[in-house]
Structure formats: C-alpha cells, structure tokens
Amino acid sequence: MATLLYSASMSLDGFIAGPGGDMSWLVPFFGPDPDVERLIPQVGALLIGNRTFHGDDPNKGTEAEGKAFGGGWEGPQFVVTHHPPREAVPDVTFVGDLPSGIAAAEEAAGEKYVSVLGADLARQCLAAGELDEILVFVHPVLLGDGVRFFAQPGGADVRLERLEVSERPMSTNLWLRVVR
C-alpha cells in the first residue's frame with residue numbers, strides 16, 4: 001500500500017511560497033541533496049492541489065519548467081480540482097474530490113510514495129487521516145509573508161514522530177511520521 005508523503009521546501013519562518021505564491025525564493029537553494037535524490041525513485045505518483053498545479057514555478061524559464069522535482073521525476077500525476085482544464089495535459093489526471101484523488105494516486109503508486117504537493121491539499125489529507133509522513137527542507141531564509149507550510153485556522157495539535165534529521169549545505173531536512 002502506498003504512503004502519503006507531504007514534502008516541501010520551507011523558509012525558516014514557515015513559508016513554502018512567498019507573497020502572491022512567488023516561488024523564485026527557492027532558486028538560490030537549488031543543488032544536490034542526497035535526501036531528494038533518495039526520495040525521487042521512491043515516488044510512484046503525485047497528488048497535487050489545484051493552486052499548486054496552476055501556481056508559480058521556481059524553474060520558470062528553464063528546460064525544467066513544469067516538471068516534477070525539476071525534471072528528475074516522471075509519472076502519473078493527479079490534480080484535485082473542481083475546474084479541470086478543457087485541454088488534456090499529458091500524464092495528468094484531474095479528479096473532482098480528495099477521496100477519489102487519494103484512491104487513484106495510491107493505486108498508481110503501488111508500494112511507493114504518493115507525494116502530496118500543496119499546503120492546503122496536505123492539510124486536507126491530514127484532516128482526513130490520510131497523511132502518513134512529512135518531509136520538509138528548511139532553508140536559511142526568512143520570507144516574512146506568503147503561503148504557510150501548515151495553516152489551520154483556530155489551531156491544531158498534530159503530533160509527529162521524528163524519523164530522520166539531516167544537515168545539507170543548503171537546508172536542514174526533517175523527515176517525520178504523523179502519529180495517529
């Protein structure tokens with residue numbers, strides 16, 4: 001059975017995107033990361049939020065633009081949206097609700113990870129009791145505003161178990177399991 005993993009790069013002050021969804025803040029932190037290189041072949045499918053799918057791309061203007069993991073991964077992608085585009089997108093399936101998206105992504109992933117992309121989608125997966133693990137790449141920058149890694153109006157007490165911590169030249173990586 002697949003494992004749902006929310007992985008994202010985050011500023012030290014807790015933002016995964018800058019104001020207006022700007023992702024250009026990530027460019028200075030691109031570079032080799034053994035944790036990313038180890039993760040990529042373990043990903044069987046992507047489960048993507050609509051805003052993330054239509055959002056900014058830190059690889060804008062390069063040959064890696066629009067490609068998962070900067071072009072390091074190819075495979076089935078499932079976008080949860082109520083407004084699918086009229087034109088088909090190669091390797092992308094649009095699903096109308098979270099349970100259908102999770103089921104389709106898990107089936108496609110098999111025994112591998114379903115990589116959840118998008119803060120709101122990850123929050124929804126967590127609220128539904130479906131999120132299994134979190135991998136966050138904490139970069140040494142303060143953005144001050146933008147899209148939070150995890151936002152829950154009114155607060156939430158989500159217990160996590162640390163699986164692994166690694167220090168890289170451009171990040172400190174935290175791999176956690178959601179405690180149920």
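In the predicted model, helix α3 (residues 98–109) lies across β1 (3–11), β3, β4, β5 and β6 (113–117) and runs at about 160° to β3. Contact here denotes heavy atoms within 4.5 Å; axes are lines fitted to C-alpha atoms, for helices over the stretch in contact, with angles from 0 to 180 degrees between N-to-C directions. Helices (H or I, at least four residues) and strands (E, at least two) are DSSP runs numbered from the N terminus. Residues are numbered from 1 along each chain as its sequence is written. Because the model is predicted, local features need pLDDT of at least 70 and side-chain atom pairs pLDDT 80 or more, whereas totals for chains, interfaces and linings use all residues; side-chain values use heavy atoms, without hydrogens and water.

Eight strands form an open, mixed sheet in the order β5-β4-β3-β6-β1-β7-β10-β9, pairing being defined by at least two DSSP bridges between two strands. Strands β3 (residues 43–49) and β4 (residues 77–80) run parallel and are joined by four bridges.

Ten salt bridges were counted, that is, 10 by the stated rule: a side-chain nitrogen of Lys or Arg within 4 Å of a carboxyl oxygen of Asp or Glu. Within helix α1 (residues 34–39), D35 pairs with R38 at 3.1 Å between the closest N and O atoms. D35 is buried at 3% relative accessibility, whereas R38 is partly exposed at 35% (buried, under 20%; exposed, over 50%; partly exposed, in between; 1.4 Å probe, protein chains only).
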